[in-house]
Amino acid sequence: MVGILKKRMEDMERLREELYREMGRRVNKIASHLVHLVGSIIAATLIFNAGSLKCLANLPASTIQVLGAEDAFFWHLKTGARYPNTGQYSRWRRSAMHPES
């Protein structure tokens, strides 16, 4: 039983890596400059959250900053809570400050 679960986990990990490579290849093909700036995973997530690359290009910077953190942003507006630090922009800033070796 443990062996079967271990094999499944390894298969899922391989599939995940394969999907990340394919996603990176595709997003690099359509938005290479964005990938160069923020990396393929965050670029794909930004495009997904915006709806399309064209929509992302037309968004103001203040909107891009909170993409992926809409709920936290509206909670901030409603209650006066701290400004959200959970959007894709924040993810990119954290990864830029601590790049992988």
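The largest nonpolar core of this predicted model has 13 residues. Val27, Leu34, Val38, Ala43, Leu46, Ile47 and Leu56 have the most contacts inside this core. Two elements give two or more residues to the core: helix 2, residues 32–38, and helix 3, residues 40–50. Helix 3 supplies the largest share, with 6 residues. In soluble globular proteins, nonpolar side chains tend to be buried together.

Take Leu34 as a way into the core. Leaving aside neighbours within four places in sequence, Leu34 is in contact with Gly39, Ala43, Leu46, Ile47 and Leu56. Ala43, Leu46, Ile47 and Leu56 are also listed among the core residues with the most contacts.

Helix 3 deserves a look of its own. Its buried residues are Ile42, Ala43, Ala44, Thr45, Leu46, Ile47 and Ala50. Just after helix 3 comes Gly51, which takes a positive phi of about 110°.

Now turn to how helix 3 packs against helix 1. Two packed helices are described by the angle between their axes and the distance between the axes. Helix 1 spans residues 2–30, and its axis comes within 9 Å of the axis of helix 3. The two axes cross at roughly 70°. That angle falls between 65 and 115 degrees, so helix 1 is roughly perpendicular to helix 3. The crossing is left-handed.

Which residues meet where helix 1 passes helix 3? From helix 1 come Tyr20, Met23, Gly24, Val27 and Ile30. From helix 3 come Ser40, Ile41, Ala43, Ala44 and Ile47. By class, this contact has 8 nonpolar residues, 2 polar residues and no charged ones.

Is Ala69 buried or exposed? Its relative accessibility is 4%, so Ala69 counts as buried; the cut-off for buried is under 20%. Asn49 lies 20 residues from Ala69 along the chain, and their C-alpha atoms are separated by 9.9 Å.

Step back to the whole chain. Its secondary structure comes to 7 helices and 0 strands. Read along the sequence, the pattern is α-α-α-α-α-α-α. The chain has 101 residues, and 21% of them count as buried. Consider the contacts between residues at least 6 apart in sequence: 19% of these join residues at least 24 apart.

Note on methods: Residues numbered from 1 in each chain as written. Predicted model: local features only at pLDDT ≥ 70, side-chain atom pairs only at ≥ 80, totals over all residues. Heavy atoms only, no water. Core = buried A, V, L, I, M, F, W, Y, C linked by side-chain atoms within 4.5 Å. Buried < 20%, exposed > 50% of the residue type's maximum accessible area, 1.4 Å probe, protein only. Helix = DSSP H or I, 4+ residues; strand = E, 2+ residues; numbered from the N terminus. Contact = heavy atoms within 4.5 Å. Axes fitted to C-alpha atoms, helices over the stretch in contact; angles between N-to-C directions. Parallel < 35°, antiparallel > 145°, perpendicular 65-115°, else oblique. Left-handed = near helix turned anticlockwise from the far one by under 90°. Nonpolar A, V, L, I, M, F, W, Y, C, P; charged D, E, K, R; others polar.
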